[in-house]
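Here is my note for you on this structure, written as numbered points. Please keep the sequence and the model open beside it as you read.

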Number of protein chains: 2
Amino acid sequence: MTETLTAPLSQEELRVLDAYWRAANYLSVGQIYLLDNPLLREPLRREHIKSRLLGHWGTTPGLNFLYAHLNRVIRDRHLTMMNVIGPGHGGPAMLANTWLEGSYTSANPGVPRDEHGMRELFRQFSFPGGVPSHVAPEVPGSIHEGGELGYSLAHAYGAAFDNPDLVVACVVGDGEAETGPLATSWHANKFLNPAHDGAVLPILHLNGYKIANPTVLARIPQDELDALLRGYGYAPHYVTGSDPGQMHQDMAATLDAVLDEIDAIQQRARSGDHRRPRWPMIVLRSPKGWTGPAEVDGVPVTGTWRAHQVPLAGVRDVPEHLAMLEEWLRSYRPEELFDEHGQPVAELLAQVPDGGARMGANPHANGGLLLKPLQLPDFRAYAVDVEKHGATVSEPTRVLGRFLREVTRDNSTSFRIFGPDETASNRLDAVYEVTDKQWEAEVLPVDEHLGPEGRVVEVLSEHLCQGWLEGYLLTGRHGLFSCYEAFIHIVDSMFNQHAKWLKSSKKLPWRRPVASLNYLLTSHVWRQDHNGFSHQDPGFIDHVMNKKAEVTRVYLPPDTNTLLSVGDHCLRSRDYVNVIVAGKNDSPDWLPMDEAVLHATRGAGIWDWAGNEQGSDINTEPDVVLACAGDAPTLEVMAATAILREHLPDLTVRVVNVVDLMRLQPQTEHPHGMTDAEFDALFTTDKPVLFAYHGYPWLIHRLTYRRHNHHNIHVRGYKEEGTTTTPFDMLVINDMDRFRLVMDVLDQVPGLGARTALLRQRMVDLRARHHVWTREHGEDLPEVRDWVWPF
Amino acid sequence: MTETLTAPLSQEELRVLDAYWRAANYLSVGQIYLLDNPLLREPLRREHIKSRLLGHWGTTPGLNFLYAHLNRVIRDRHLTMMNVIGPGHGGPAMLANTWLEGSYTSANPGVPRDEHGMRELFRQFSFPGGVPSHVAPEVPGSIHEGGELGYSLAHAYGAAFDNPDLVVACVVGDGEAETGPLATSWHANKFLNPAHDGAVLPILHLNGYKIANPTVLARIPQDELDALLRGYGYAPHYVTGSDPGQMHQDMAATLDAVLDEIDAIQQRARSGDHRRPRWPMIVLRSPKGWTGPAEVDGVPVTGTWRAHQVPLAGVRDVPEHLAMLEEWLRSYRPEELFDEHGQPVAELLAQVPDGGARMGANPHANGGLLLKPLQLPDFRAYAVDVEKHGATVSEPTRVLGRFLREVTRDNSTSFRIFGPDETASNRLDAVYEVTDKQWEAEVLPVDEHLGPEGRVVEVLSEHLCQGWLEGYLLTGRHGLFSCYEAFIHIVDSMFNQHAKWLKSSKKLPWRRPVASLNYLLTSHVWRQDHNGFSHQDPGFIDHVMNKKAEVTRVYLPPDTNTLLSVGDHCLRSRDYVNVIVAGKNDSPDWLPMDEAVLHATRGAGIWDWAGNEQGSDINTEPDVVLACAGDAPTLEVMAATAILREHLPDLTVRVVNVVDLMRLQPQTEHPHGMTDAEFDALFTTDKPVLFAYHGYPWLIHRLTYRRHNHHNIHVRGYKEEGTTTTPFDMLVINDMDRFRLVMDVLDQVPGLGARTALLRQRMVDLRARHHVWTREHGEDLPEVRDWVWPF
């Protein structure tokens, strides 16, 4: 399997390349250990060492090796290249290299490229008030947080989409490669178009160990590994060894070969040959902790899991460790690498690509620099006509699909829709009038809407959808992730990491705002008629609410026109995660477009046409507030209101609808939060509030517990009761149906007791009739199914 | 790639096997469509058809085909075989087959194996009050919910561990195969020991389409697919086609071949040959919707994505569709398959394995039947000595590790620890004194604790860990998942599905209780010194709380002895998900073991030795309650209490510690919930409560909003502020440090204002001193670091 390689580097080229590598390694070790004496001007002493040694050496020399070699090909070939670093704790490497190339200092003038800056670079690493040990937002050139493993390759492909001139090098850690998301990400090559997308160059870094264990891919026979990577559709090239000189020659030759292959693939595709290529990739098999101490305290370290973090842990207390550290640092011959001012010597600087070609300065990796607003049609043009509130029905996501069709058409290189095989099921299929689903594998005559130029990207992996979209957004483009509501939990942790990325990025003045990550969650909990309990989970909203208010937004548009308005708003926003929960089934059109825009803009409001306060003195409060958030709850509240208005006409009922869930929070907790005065104006300070909510009811309490009238707020929602049944039965078994809401009103409004006994009895009867009818006919009670707002 | 196969079936064998398959197909179609007239005794009429057609046909005939063939080899070879069904919507197939073999009726006497029962079988399917369309807990023989895709193979391997006589057939859907968890699950063969574990037989069902798209694995060239599967370490066998006669012969021959291979592998391993085998697997390439209507309304259906759900959607309204359905149903010749009573004819019944050998009656698939309690040592024997509250420190998880070492040793075929390469990092490494980490791939001399008999199973995939453990538990064994707290979110959705499985199972009288799924979450939010923000997320608790109270438990033991008691309790429990959050770092030993047992048992209580109420009249209330849940919050509350007792000795302070978070809820919400009287006794009805909580603070409000004193509860917790810093700095930036808590007390206790100005100033100073010290020295302020409970 070893390849016959030439020796493409002259001795001089090899010498300076190795010097660059040594410099990066020196700077990496310095970050892990040194508080002071960065250039080793004096013998290393205890007080030069950090009191807490926190950092990861193991993966770092390999990353430095790759960075040096990628710099060479960027210069030689005038490449636009990004570097996505999968191995989690590669922070020291990326900090070292960006400092060497000057991009770190451009972003962080407080860390200049001289002795003072080197001291600061070392000191700040994994230090209070400093920078994380991972490849985090703080690292120029990165779009990938290395803390939670598994998403590097998905991010790399997302970055490459619609960037035909970009090459995304992606280092995949062999530990990371064991994760599920990474294991399926290899297949992303079936979704990359060599003509209109850029190239991804995966580099599997087999250094053999994770924290405490060998890695699977490092311990299967070479022929198995090779079959696996070929099975994933790649042409693997291997660079294996530990001798720096030979490894430099091998890596240089291999990089030349794979970049020639990429070039050939792109040229062929761009001259009209649509056959799926076999993209090259590299396997770098090098020792963990390469160039570090071979043995410490009598046990092997380099090449084992013991090199994962800090190989010499006792430096402050064990003199031999301190001596070993000094020997280790001096083995890189810093005196040859840095001049008397601590600046890298000229021959190192000569190896750095120019300006924006430096990987730490590539504008794609700070996507906000390249971001252009979407060309958006006027969403009002897609409105459904609403002559009378609630008299007609439409399918919200189907109408939104028409708007998205135009967005897709008018932004043909900067907007994509991602989804796990659900775009049509979620009724967004109008987009197929202007585009296909991206597909590079075999197409059969029977297939529909598959093609190599598709703007919709579907694969049955929520992880890939999320990872691709993140990579696409962080490189300055726009997109939407459409997903079944229940299964968005599959990417809970990826959402966490993206929200953390956004929060951290906002504090970095040099990181520019990027387009928001928009989730459209549909096929939601209340309409899983044929899927049942496993598909019923509205808890993603709760999950999102734990992240910083400055980066999260949740919208529950009650009808089609409101969804259009919310959708337009989210596509224009920046640096947020927007969660939109909307139905795909026929549901009443409550609001004409002008009212919908107003309602979406204020986020929550009284539907005065629905309640019966109109005739009352404007200064009096209603007897009860029926509040709702979400399409199914809104329908039930409206039906309950109609029953109350018919049977208890002297009861004044107010209907409040909430679109923007964050409005419920105090303004001190969220920028969208209402003041207490605003809240009190909607919900009163002392009247019963019956709140029908789309998700788990506790969330409403969590959002409102500081409000004056909180003790009077009674929430109905999904309480984890579900099965395969009719839509109305789902409401009944979770006690959120209209009849139950009416009974709640009778319970909560003081003084209604005795004179409403017959009404209560009727509600009980209707629930019983529903139960019997549904189980006999397998469908909803006709009077429920055919109900229309009567006023 | 097509194999040369013999024709192992005689014509008679083939005929009856095909008849069995036709019967299962007939019963499957019947479930999707028929409300009545199950045996087609009369021509099909509109009123025989369900009003809502909900179900999935596409994958079903393939599953039926496999079931029939697996039955043959079970009989012929006297196998103990389970069947794990990955394709989500295979419900009709499993219901049909278990009804045919009688196991369905044994579990559900209301659905007998006759005409009446067949009608009921049809009617209940995807019908209100009936059964889900997925392979759900309601399906005998299943340990796998087919709703959320991706976990079948992990479940299958989990079932096979420590079951040397079991063969687990596992049908992997080609859509499912695109998910991340499934993509990495193939590698589970490196963790299966052919000597002491059973066998897994993966059957990749390539029927080509998902809901609306082709599948990746069906559209890559055959040589790529073959390389991929060989790269995963399997020896693939292919059964490809659509002609039933040929397919029966091919599948029979293939199954004989692969079972011979499995036999040979096991024999070789069990006679001492430890080389890793290349396990066989099957690829079944058959048309989606096989044997269904080829074309409907002029477009192809069978063999396309259109066969995914209900191929004839207009049966009730379009007479031609109704006629096609009747023709389709009659194509299976039901009159040959069922006798006049609707019972399967004798030659079908002759194909059913005996008793517990039937896949629907296999006791492994109803693991509670086989469950034996763990042999548990007395956890008190591992207690740390606590002569004085809080005077010593220990590492809680390290001590728990010693207890787990004995559990592992004493339950050597029924207890396993799963973890993503973190068991040692989480300081449970005492277990390696009695066992290894399970590892079947290459072992090098430098490796430690790797071996083919390991009871610890580590792979860098939380998905695999969770899936294996679920499979292990649902087949009647015990286990623990030890994980970094932040990254347990990776399996949020898997937890959802398992919790839903448990909730549904509890309602099925024939499903027996299984051991609880125990999470040990450590390396938690407050101690991510070298990992930082990406590793800080305590939100899994919030996620868990959304699921049914009857299946979830959350414990936050404040010290080592309490952790031991909680750990023992969880290992004895049944049918729960237990979440234990505990630290791994040195932390004070607050409680001697006898007090710890009492405290863990009551779940929440007053630490009267910590507050200064002792001298007070037993009938008076304290001035303030300092409450805490979690190890870091407990330490801060104790330190704050000490400051208050020293500087404001006449302020009566009560310390309440909460171990069992569910105790805070009303008893109406959770079986562990306190009554209001109990709650009021701890937290008073009107005194300020400062609550320091391990996670996101809103959760405490959500749990307590109905309590009398709720308006007086002020919660500090993690508010998503974090970075790489010292432990104490993490508390400061999230406002949960001792000094902040003291200031909170000064703010909240009425009348303290002016006379405590100096104390407040001192707290502010200490926070400032900490800030400066930490940023200069990179470590905590010494007086914080070295603080010991002074009383």
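Which side chain meets that of A:Asp162 in a salt bridge?

1. The partner is A:Arg455, whose side chain meets that of A:Asp162 in a salt bridge at 2.8 Å, N to O; the term stands for a side-chain nitrogen of Lys or Arg within 4 Å of a carboxyl oxygen of Asp or Glu. As a general point, side chains of opposite charge can pair when their charged atoms come close.

2. Before going further, please note that this is a predicted model, in which local features need pLDDT of at least 70 and side-chain atom pairs count only at pLDDT 80 or more, while totals for chains, interfaces and linings use all residues. Residues are numbered from 1 along each chain as its sequence is written, chains are lettered from A and ligands numbered from 1 in the order in which they are written, and side-chain values use heavy atoms, with hydrogens and water left out.

3. On confidence, chain A averages a pLDDT (the predictor's confidence in each residue, from 0 to 100) of 95, and 99% of its residues score at least 70. For the complex, the predictor gives an ipTM of 0.97 and a pTM of 0.97.

4. Chain A is divided into domain 1 (11–353), domain 2 (379–383 + 391–581) and domain 3 (604–785), with bounds that come from an automatic or database domain assignment. The centres of domain 1 of chain A and domain 2 of chain A, taken over C-alpha atoms, are separated by 33 Å.

5. Where these two domains meet, 35 residues of domain 1 of chain A are in contact (heavy atoms within 4.5 Å) with 33 residues of domain 2 of chain A. The area buried between domain 1 of chain A and domain 2 of chain A is about 2,800 Å², of which carbon and sulfur atoms give 62%; buried area is the accessible area (1.4 Å probe) that two parts lose on being put together, summed over both. On the side of domain 1 of chain A, the residues that lose the most area to domain 2 of chain A are A:Pro137, A:Asp162 and A:Phe191, which together make up 24% of what that side buries.

6. Between domain 1 of chain A and domain 2 of chain A the count is three salt bridges.

7. Turning to the two chains, the contact takes 122 residues from chain A and 123 residues from chain B, and the area buried between chain A and chain B is about 9,900 Å², with 53% given by carbon and sulfur atoms. Across the interface of chain A and chain B the rule finds 22 salt bridges, and the side chains of B:Asp537 and A:Lys547 meet in a salt bridge at 2.7 Å, N to O. On the side of chain A that touches chain B, α15(A) gives the most, with seven residues; helices (H or I, at least four residues) and strands (E, at least two) are DSSP runs, numbered from the N terminus.

8. Over all chains, the count by this rule comes to 116 salt bridges. The side chains of A:Arg738 and A:Glu636 also meet in a salt bridge, at 2.9 Å, N to O. That pair links distant parts of the chain, with A:Arg738 in helix α23 (residues 738–748) of chain A and A:Glu636 in helix α19 (residues 631–647) of chain A, 102 residues apart.
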